[in-house]
Amino acid sequence: MFTALDYEYMSHALRLAERGLFTTSPNPRVGCVIVNGGKVVGTGWHERAGEPHAEIHALRKAGDLAKGATVYVTLEPCSHHGRTPPCVEALIQAGVCKVVMAMNDPNPHVNGQGKEWLQKAGIAIQAGLLADQAERLNIGFVTRMRHDRPWVRTKIAASFDGRTALKNGKSQWITSEPARRDGHKWRARSCAILTGISSVRKDDPQLTVRYITVSRQPMRIVVDSNLETPLQAKLLQNADTTWIFTAQTSKEKIHRLEDTGAHIVVLPDLAGKVDLKAMMVKLAELGINELLVEAGPVLNGALVTAGLVDEIIFYFAPSLLGNSAQAMLALPEIGDLSEKYDLQISDIRKIGMDVRLIARFMK
């Protein structure tokens, strides 16, 4: 169905899409390659929300050479008016003869409609080329469109015996600087970083991207059932990007934190804690595709128990901390091995002196 050249051009488009890894949120990462007469005449990728899509950049570079050309694009061209006009209109007006796309756009405003619009205009369509790679690149966007929640990654730094801090709570630093730098790359690609009130009070984290240059910082999310976030907390600096989810209804506490610029969302569950599932729905409404969790064992365990974690990034340091040190996850006791949480390793490599292991929950 697809030729070796088709694979080559789509691979090129996927590499272009990756250039938007840190910048396109909440939009998907998309790349486009235009080929005419066996030569690449235009390339482009989506850089930021509100700016031209990949197809538009590629068409501008191709100019008149787009007429009669084949377009390779990693996601179905959009067919609706959002912040920018529909890409299908531009492709039709340019006179392209064929569009090869990796996958359908899961956005219900587009899904299949862009393809149908192009076919009605007499443009040949082929779909499914390197679809798995395209979906992995946009796993958060796909999850939000299909399931109304973000793709959730939990990042855990631990010793070889699975301990994340000493009994007294001291944890800086278990892993090496290369591992910490690598962790900031995961921050940079995420739309938001989530932590719990215990981590805020113990570590006073900034929850910002450092070590690498980025054009945007991810949103900062705190699960704080009783609104105990200190007013001097670092994550309340530039607090317009900070959202605090709580079960507390005290107007005094809410107004005090809102005065810092933070956004407060009251979502109690029946136990008087934050309703974590409802929180994920709200985060999806806010346009969060990929959520990175950097929390302690209690919140990590609660998210896993609720079935809300898709993937864990483990950084294992070559050290042992002993049984009295703190565990990675506070999970309920299971009575049978059939109740265990099964994961599938998707990547394992050495980062500095440490080992990074990425595993997905098998659902």
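**Reading burial, contacts and cores**

Student: What is the relative accessible area of Asp203, and how do I read it?

Tutor: Asp203 comes out at 32%, so we call it partly exposed. The reasoning runs on two cut-offs: buried is under 20%, exposed is over 50%, and partly exposed is in between. Keep in mind that this is a predicted model. As for location, Asp203 belongs to helix H8, residues 197-203.

Student: Which residues does the UniProt "binding site" annotation cover?

Tutor: Treat that as a label from a record, here an unreviewed entry: it covers Ser171, Arg187, Asp203, Leu207, Arg210 and Glu294. Arg210 sits in the loop between H8 and S9, and its relative accessibility of 34% is why it counts as partly exposed. Setting aside residues up to four places away in sequence, Arg210 touches His184 and Arg187.

Student: Is Asn300 buried or exposed?

Tutor: Buried, because its relative accessibility is 2%. Asn300 is part of helix H11, which spans residues 297-305. Once you ignore neighbours within four places in sequence, its contacts are Thr154, Ile156, Val293, Ala295, Met328 and Leu329.

Student: Which other residues of H11 are buried, and what covers them?

Tutor: Besides Asn300, the buried ones are Leu299, Gly301, Leu303 and Val304. Their cover includes helix H10 (276-285) along with several strands, among them S6 (151-159), S12 (290-293) and S16 (354-361). After H11 comes Gly307, with a positive phi near 75 degrees.

Student: How should I think about a nonpolar core?

Tutor: The general idea is that nonpolar side chains tend to be buried together in soluble globular proteins. In this structure, the largest nonpolar core has 41 residues, and Met10, Ile34, Val96 and Val99 touch the most other members. Elements giving two or more residues to this core include helix H2 (54-62), strand S1 (31-36), strand S4 (98-101) and helix H5 (131-137). Helix H1 provides the largest share, six residues.

Student: What does Val96 touch?

Tutor: Leaving out residues up to four places away in sequence, Val96 touches Leu59, Ala66, Gly68, Ala69, Val71, Leu91 and Ile123. There's also another core, lying apart from the largest one: 34 residues, including Cys191, Leu194, Val223 and Ala359.

How values were computed: Residues numbered from 1 in each chain as written. Predicted model: local features only at pLDDT ≥ 70, side-chain atom pairs only at ≥ 80, totals over all residues. Heavy atoms only, no water. Helix = DSSP H or I, 4+ residues; strand = E, 2+ residues; numbered from the N terminus. Buried < 20%, exposed > 50% of the residue type's maximum accessible area, 1.4 Å probe, protein only. Contact = heavy atoms within 4.5 Å. Core = buried A, V, L, I, M, F, W, Y, C linked by side-chain atoms within 4.5 Å. UniProt positions renumbered as here; feature names shortened; annotations may be inferred.
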